[in-house]
Amino acid sequence: MQHPTRKRENPSAGPGDGTRCRFGASCEGGADLKVLTHFRNACAHNERFFLLKSPKADIPDLSHHGRLEIPKKGDTYACGKRDLFAVVIALRCMLSVDRFQVFQKQLEHEIDGYLQDSGALTSEQLYEGMGFPPRWREI
């Protein structure tokens, strides 16, 4: 049941229940809650997200991985499985299109601001450390 104050403007933007989300990608299987829980706990204990990985679980392979042309290492996608980008993928599957777009714009603003204000890392180093593929903004 949908929350009474939450209006889903686009019926094709379903949660991670096998429905279709923006760009027609299927969010089959939903995200592994263990990954989300690990990042939530890190946030609650003021841990840094850079280089953070979930030690016990991956999110399942989703159509987003293939559509973004994320390379594989063996049979496993190189990123977006147990890193911060996995959380972004999970949120993409769980939020409405409008809510995800707000989240994505804020995330882009924070990343761009950090890169502009800090000379500690290049954009490539930052994105790689968080598990973001080159085309991450196309999610």
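**Talking through helix α5 and its chain**

Modeller: Happy to start with the surface: this predicted model has a protein chain that exposes about 8,200 Å², and carbon and sulfur atoms supply 54% of that area.

Biologist: How much of the protein chain counts as buried, then?

Modeller: Of its 139 residues, 38% do. Buried here means under 20% relative accessible area.

Biologist: Good, let's turn to α5. Which residues of α5 are buried?

Modeller: In α5, residues 123-130, they are Leu126, Tyr127, Gly129 and Met130. Each of these four is called buried because its relative accessible area is under 20%.

Biologist: Why do you say that the buried residues of α5 line one face of the helix?

Modeller: Look down the axis of α5: its buried residues fall within an arc of 165 degrees, so they line one face.

Biologist: Nice. What does the face turned away from the buried side of α5 carry?

Modeller: Glu124 and Glu128, both exposed.

Biologist: What covers the buried residues of α5?

Modeller: The cover includes α3 (84-94) and α4 (97-117). Being cover rests on contact, which means heavy atoms within 4.5 Å.

Biologist: And what follows α5?

Modeller: Glycine 131, with a positive phi near 80 degrees.

Conventions
Residues are numbered from 1 along each chain as its sequence is written. This is a predicted model: local features need pLDDT of at least 70, side-chain atom pairs count only at pLDDT 80 or more; totals for chains, interfaces and linings use all residues. Side-chain values use heavy atoms; hydrogens and water are left out. Buried means under 20% relative accessible area, exposed over 50%, partly exposed in between (1.4 Å probe, protein chains only). Accessible areas come from the Shrake-Rupley method with a 1.4 Å probe; for residues, only the protein chains shown count as cover. Helices (H or I, at least four residues) and strands (E, at least two) are DSSP runs, numbered from the N terminus. The arc is that of the directions from the helix axis to the C-beta atoms.
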